[in-house]
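Hello,

I am passing this structure on to you. Please open it first, then read my notes below.

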Amino acid sequence: MPYRPQLIVLDQEVEDFAFTRVILDRLPGVAVKVDSAQANLKKLQQERAGLSEGKKTLHLKRYLGAPMKLCPGYTEAPILCCDYQVIDLVENCPLECSYCILQAFLNKSVISLHVNIEEIMAGVTQALAAQPQRQFRVGTGEHSDSLALEHLFPASPYLIEAFAKIPNAVLELKTKTTMIEGLLPLAHQGHTVVAFSLNPAEIIRREELKTAKLPERLEAARKLADVGYKVAFHFDPLIHYPEWEKGYEEVIQQIFQLLAPREIAWISLGTLRYLPSLKGIAEERFPGCNLFSGEFVPGEGGKRQYFKPLRKKMLHQVGAWLQRESQGKTPLYICMEKASLWEKSMPLVPKKAEEVERYLTRNCPL
Ligand code: SF4
C-alpha cells in the first residue's frame, strides 16, 4: 500500500510553496498542524516518538543546507571511494528494511519533506555549472528511498526535467519500489539513471518490508529501459545467509535475462555493515531479525562489518558472476572497501575518485 501519513506538520513559511500545495491536495482528510519552523522543530524533537509511530507524521519544511554535497560515506585511502554527490529532499523512509542505517542515524523519527525544491535545484544547477569540465553523478537516495513518496511528493519528475538540461551531470534515483509510472513519459535526455537495490527473494521477504518484490523491481527496470532510461543495480547490503550463493547467482541471472549489459549504467556491491547502535534498534523493531548475530569486526566510521575473508569471498564470487553475465560491458564497483578488495573482485581498479567516476559513466555518455 502506498504510504499515507496520519498527520502533517507544516512550517508556516512553506505554506504557500507549490510543492506544499501539491502534497496537501493529494492528502485530503489528513490533519494538518501549522506552526513556525522553530516551534515545530522544538515539538518534534521533544516528542521523540518511536520510529514506527514517528513515520506516521510528515513534516513539510524548507531545507537550508548546502544544495548538493559529497556523499557522507566518502572516505579517504585506503578506502577506494567514488565522487558521488547527494541532494537531500526527503529525510527518513516509509519502507522498512531491518538493516536500514537511518534507524540509528537520523535524530528525528518523522518523515521530513524539503518542499523548496526549486530553490535547492537552482543551487545544484549553479554548483554543476561552476565546474563544466567535470562529469558528476548526483543522487537523492541517501536519506530515503528516492521514489517511495512519489505519489505524494513528485520531486523526481521535477529533477529529471531539470537534469535533462544540465550537460555535465547524471541524476540517479535509487529505489526498492515500482513507483515509476510518472517517470516513463518524461523527456529525460539520457541524463537520469533509475537504480534498483536488489537482494534474493528470501532476503527481500524477511528483511525489506513494504518494498516491491524482486520480479516487480526487475519488471520496472525493463519498462524504464524500454523508454530509454539507463538503469542500475545495487547489491548493497550483500547479506551472508546459508543459501547466499544460490540466491545471488539467481538474481544476477535474472537481471541479464531481462536486460542487455549496455542498458545498465552501473552495478555496485557492498557487504552488510552497521553502526553498533543499530543492532538493538533493529532487533526490537523487527523481532526475529538475526542479521547481526554472526561475527562482525570493527570497520570504517565505527561500523561493524563481516570478517575480511568472508567479505572477500562474497565480493569475489558475486563480482565474478556479474562479470560473466555482463560480458565485461557493465561497469562494476564496490562501496566502502579497500582497493585491495577491489583487486580481487573487480575488472578495473581505478586509482582515485575521479577515475571511478569516468569509469562508471562509461555507459551513459552525456
Ligand atoms: S529503502 Fe533504503 S532508506 Fe528506505 S528503509 Fe530501506 S534501506 Fe532504509
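This is a predicted model: local features need pLDDT of at least 70, side-chain atom pairs count only at pLDDT 80 or more; totals for chains, interfaces and linings use all residues.

Ligand first. Nine names to select: C93, L95, E96, C97, C100, L102, S144, D145 and K176 surround the ligand. By type, five residues of this shell are nonpolar, one is polar and three are charged.

β10 and β11 (residues 192-197) run parallel and are joined by five bridges. K174 has A195 in β11 as its bridge partner. β13 and β14 also run parallel, again with five bridges between them. There, F233 stands opposite I267 in β14. Strand β14 covers residues 264-271. Seven of its eight residues are buried, so I count β14 as mostly covered.

Now helix α5. It has 13 residues, 117-129. From first C-alpha to last it reaches 18 Å, close to the 18 Å expected at 1.5 Å a residue. Which of its residues are buried? They are I117, I120, M121, V124 and L128. Seen down the axis of α5, these buried residues fall within an arc of 95°, so they line one face of the helix. E118, Q126 and A129, on the other side, are exposed. What does the buried set pack against? Its partners are α1 (18-26), β8 (111-114), β9 (136-139), α6 (155-163) and β10 (169-175).

Last, H240. This residue lies in the loop between β13 (230-238) and α9 (244-258). Is H240 buried, exposed or in between? H240 has 16 other C-beta atoms within 10 Å, so it is partly exposed; buried would take 20 or more, and exposed 12 or fewer. Leaving out residues up to four places away in sequence, H240 touches G294, Y306, L310 and M314. L291 is 51 residues from H240 along the chain, yet their C-alpha atoms are separated by 8.3 Å.

Best wishes

Notes
Residues are numbered from 1 along each chain as its sequence is written. A residue is near a molecule or strand if its C-beta atom, placed from the backbone, lies within 6 Å of it. Ala, Val, Leu, Ile, Met, Phe, Trp, Tyr, Cys and Pro count as nonpolar, Asp, Glu, Lys and Arg as charged, and the others, Gly among them, as polar. Helices (H or I, at least four residues) and strands (E, at least two) are DSSP runs, numbered from the N terminus. Two residues are in contact if their C-beta atoms, placed from the backbone, lie within 7 Å. The expected span of a helix is 1.5 Å times one less than its number of residues. The arc is that of the directions from the helix axis to the C-beta atoms. Two strands pair if DSSP finds at least two bridges between them.
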